[in-house]
Structures are given as C-alpha cells and as structure tokens.
Amino acid sequence: MDEVSFDLRDVALRDVNAALHAPGLDGEFVITNPEGTHNVAVGVSTPVKITVKGHVGYYAAAMNQQAEIVIDGNAGTGVAENMMSGTVWVKGNASQSAGATAHGGLLVIEGNAAARCGISMKGADIVVGGGIGHMSAFMAQAGCLVVRGDAGEALGDSIYEARIYVRGNVASLGADCIAKPMEPEHHEELGRLLKAAGFGDDDTAAYSRYGSARDLYHFHVDNAASY
Amino acid sequence: MCGIIGLHLRNPDLYPRLGQLLTGMLCEMANRGSDSAGVAVYGDPSWSPPGRSTVSVLQIADPPTVAETTIAAELGAPVTVSMLGESLVVSADVPADELHAAVRGAYPQALIGGFGADVTVLKGVGHPRELADTWRLQGAQGWQGVGHTRMATESAVNAAGAHPYAVGPDQCLVHNGSFSNHATIRRELRAEGVHFDSENDTEVGARFVADQLAKGRDVETALKELCATFDGFYTLLVSNRDSFAVVRDAIACKPAVIAETDDWVAMASEYRALSGLPGVERAEIWEPEPEVVYAWTR
C-alpha cells in the first residue's frame, strides 16, 4: 500500500488527526513540518505506521493504541502520555512527563528525557537511550523504565510496583524507592526491553534495579493510634 | 500560563531582522497568554539612538508635544519623543538615570516601562499580535530582544501588570509562573526604600534582581540568590545590555527550551516559537536544568 503524506503547513492538524482516526485504517503515513505543534497523531487506535518528520509539541502520540509511531525529532511535554498499546519511538530528546500514566505499549526515547519521565506509569515500558530528569517514575504503578544514562533527583518517589533499571548514576532516590537485587528474571526482562529498543548489545549486568520498599502505601496497624 | 521568548543575536548580519524574528516568536506564544504582552528591544537605532538614553512611559494624559516640553523643562535639556502604541518613548543626550528622574519628576503618576542606554521597553493590554502591530515591531533592529505574552493569575490585567519588568537601567525580566512569597519580599524591599508600581509578583522578582545588581553582584549570583529567596514556580529570562540569562525553579514544571547556533542564542516557553528562526534545524536544542543559571554575554 502506498504511503500517505500530510504536510502540516498545508493541512490543518485536526484534519490530519481525523484522517488517522478512520475506523479500520491501515497503511503507512508520514507527517511533515510539525514545527512544534501540539497533539500530533493523538488518539490513533489502529495498527498503522506513522512517521513524524521534525520536532513536535505537547502530547504527541498520546493515547496511542496499536499504532507504531516514529517521531524523527524532539518531543515536547507528555509524549505518548496515556498510551495503551503499540510503539512510540522518539529519535531525539523528550521533554517532561514522557509516557505519563501510560498503561501499555513501548516508548523508546533515543536521546534524553527531561523531568517526570514515566510519572504515574501504569504498565507501559519506557526505554531511554540517554538520561532522565528529576522526579521520574513518580508514583509509578506498573511497567518498566529503563535508563541507559543517569537519573535525576528523587527517582521513583512514592513508587508502587513499577520496575526501574538504570545503568548510570542516580542523583537520589525518592521516598520509598530502594535498590533491589537483579535476579535472573530481571536480566531476562531488561535484556528483552533493550533488544526491543535497539540496544541489544548492552550488558544487563551493568544495570541496577530500583523499586518500591513497600513501606509507604501499606497501612500499618501498629501505627493506628497515629492516624 | 504565560509565554516567554528571547533572542540574543551573535551575527550582526541578523541585527536588521531582530524585530521580524521577535514578532514571529511573540505571536506564536500568543495562545499561552493573550491578555497583555510586552517586549524589550536592545539596540534599535531609532528607538534607542546611540549615545542617548531612552525612557519608555505609559499612562501620560498629555499629548506627546506637551509631554516633550514638560519633560525637557524638568530635565533642563532637549528631548525627543515618539509614540509606539500606548508608550511614549523619550530620549535625550543625558545619562539614563537623569532622564528617568526627569520623567518621574514631570509625571509622578506615570508608569515607567523601562529605561537605559540601549533598551526600549514596550508593553500593554491587548492581544500580542495587535500590540506588535501598534509597536511596528516587525521593523525593529538590534542585537537582543525579549518578549512576554501574559495570562494574568497574580494581579490585575493592566499595563502595570504586563511584563517585561524593566526596573533597573537596561535590565529586563520576564516570568512564566507565580511566586508564592512575593508579599513578604515586597514588604522587605519596601522597608529598604524600594518603590513598586504594582501588586504583581513578578515585579518583586525584578526589583529583587535589580537590587542585587545595584549592590554589585553579577547576574548569575543575583539569580542564585533569587532561587534561595523566592518560593514558587518560575522560568525567568533576565537580560541586560550585555547579558542574557535563564533560570528555572527546583521543580521546573514551567516549560523552557533553549536553542543555540553560531549566529544566535534563543529561549522560549515552547519549541514552536523557535521553529521559524534561521538555521534552527542545525541548532543545539535543550531544556534548562532546574536551578541552574544559564548566562550568555555579549
């Protein structure tokens, strides 16, 4: 099937998104000249392939289901936020709150991600080629966050059951986030995610795992008098 | 929400295009705030003639010809005036502080938008695009410009609440966010004799920075002191005739993007404001880290 191309200098974004929302859509699509526009390719729910050539603004590829979306540039705040399934692949860097609240699918950021990457993630997998900013994985509930570089302050603050793998330095851990041993199943999981993100040559032994100490969100009956 | 833009040109070939580039950046940020707007332009040869000082003034009831005579009489030297939108731009062949004092003496109730040897500050209430037209911003020239589109949260929508706050000579500050302890700091500064034009939180930040600079601190030290003193959310762009600096608060939830090429350094709330700059496709683009002061000098 032929590739369909939309130039955002000529076509209104709402028209492009409406075309991408057609029921039963398939095929490959290219979006050019996004020039930092918000909401590019949001809410796609069919297994199409979309390539966005250039830098996008806020919430690009948000709420994605099934689609494979490549952003050949940088992404603004909230790329792939609330993704349900499919793949969102950022060739450049991502701004804050990448993959926020995402329930499923894979988000790959080849460059760096800014603050609050994976905030409140609920089951998606996120692989970051570079580093991540402060308060990443804040209240992260499920899924994996893999970081090939360094992590900023307060990593995993108030984390629930998401798993974090970091190869570089962690500036500091947030409340109730602790380092945990790398068991065989973690090497397997990390290796699978790195391979999916094109970093299959990484040695999983170079990574550390972080997760919840499970002290914060459990009600302790011993403390009942204090509540 | 508010929008911030700034452009610090390194390549003199671009100086004639400063106003055109700033207009595009400002209008792109109009939907982050469209109740008021303002700009500070450094080095426009007609607005801030070389060798003279300039003061921009709002809320003068007198017609320009009368204002010219009144200010000249107060100064004891000739002045030239022109209207750019609602602002009366006054220049004279005297140091900026003398002209500033003369304007304040002649019109104690007027609002001084900014003053200095190189800067012209224009601001007011209205949509950024319409204001840019009234200022004829497209035709402005110079080496540096700063702009702001306001969505008011902390104080009234009027000219005194519009950014930039240009409260020291050739200084200018624009802000996206809100300071939460500004009332306390305003009270302390007032006790030291600092004058305020508004109840706006950003003005307190600008007066604080001006106070630090007047005490001999450099801009980097002044902004670190601001970080230590102010609570709240902020992305700030602080300029002077020879410097251009950006800082964000520790939480850094207010957006900021910096782009840099051999020809210019630019900053904006969002990338889309930078997308029309010449050579942006080759620029190094990044987000400033929290509580790190980024500064460039001329």
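**A helix pair and its surroundings**

Analyst: In chain B of this predicted model, 73% of the contacts between residues at least 6 apart in sequence join residues at least 24 apart. That chain holds seven helices and 15 strands, and the part to be examined is the pair formed by two of its helices, α5(B) and α6(B).

Helix α5 of chain B covers residues 182-191, and helix α6 of chain B covers residues 201-214. Their axes come within 9 Å and cross at roughly 45 degrees. The two helices are therefore oblique to each other, and their crossing is left-handed. On the side of α5(B), the contact is made by B:H182, B:I185, B:R186 and B:L189. On the side of α6(B), the residues that take part are B:D201, B:V204, B:R207, B:F208 and B:D211. Sorted by class, this contact has four nonpolar, one polar and four charged residues.

The C-alpha atoms of chain B fill a box of roughly 50 × 45 × 35 Å along the principal axes. For 298 residues, a compact globule would have a radius of gyration near 19 Å, and the 18 Å of chain B agrees with this. Of those 298 residues, 54% are buried.

A loop of chain B between β8 (144-150) and β9 (172-179) contains B:P164. The peptide bond that joins B:H163 and B:P164 is cis, with omega at about 0 degrees. The loop between β8 and β9 is also the place of B:D170. B:D170 is not a glycine, yet its phi is positive, at about 65 degrees. B:D170 counts as buried because 23 C-beta neighbours lie inside 10 Å, where 20 or more are required.

Chain B also meets chain A: nine residues of chain B are in contact with 12 residues of chain A. The chain B side of this meeting divides into five nonpolar, one polar and three charged residues.

Chain A has two helices and 11 strands, which run from the N terminus in the order β-α-β-β-β-β-β-β-β-β-β-α-β. The radius of gyration of chain A is 18 Å, close to the 17 Å that the globule rule gives for 227 residues, so chain A is as compact as a globular protein of that length. Along its principal axes, the C-alpha trace of chain A spans about 65 × 45 × 30 Å. Buried residues account for 52% of the 227 in chain A. Of the contacts in chain A with a separation of 6 or more, 22% are between residues 24 or more positions apart.

Two residues of chain A illustrate its interior at close range. A:F6 lies in strand β1 (residues 3-7) of chain A, and it counts as buried because it has 24 C-beta neighbours inside 10 Å. Leaving aside residues up to four places away in sequence, A:F6 touches A:V11, A:V16, A:F29 and A:I31. From A:F6 to A:G174 there are 168 residues in sequence and 43 Å in space, C-alpha to C-alpha. A:A137 belongs to the loop between β7 (122-128) and β8 (142-147) of chain A. A:A137 is buried, with 34 other C-beta atoms within 10 Å, and its phi is near 55 degrees, a positive value in a residue other than glycine.

Methods:
Residues numbered from 1 in each chain as written. Chains lettered and ligands numbered in written order. Predicted model: local features only at pLDDT ≥ 70, side-chain atom pairs only at ≥ 80, totals over all residues. Axes fitted to C-alpha atoms, helices over the stretch in contact; angles between N-to-C directions. Helix = DSSP H or I, 4+ residues; strand = E, 2+ residues; numbered from the N terminus. Parallel < 35°, antiparallel > 145°, perpendicular 65-115°, else oblique. Left-handed = near helix turned anticlockwise from the far one by under 90°. Contact = placed C-beta atoms within 7 Å. Nonpolar A, V, L, I, M, F, W, Y, C, P; charged D, E, K, R; others polar. Rg over C-alpha atoms; globule rule 2.2 N^0.38 Å. Buried ≥ 20, exposed ≤ 12 C-beta atoms within 10 Å, placed from the backbone.
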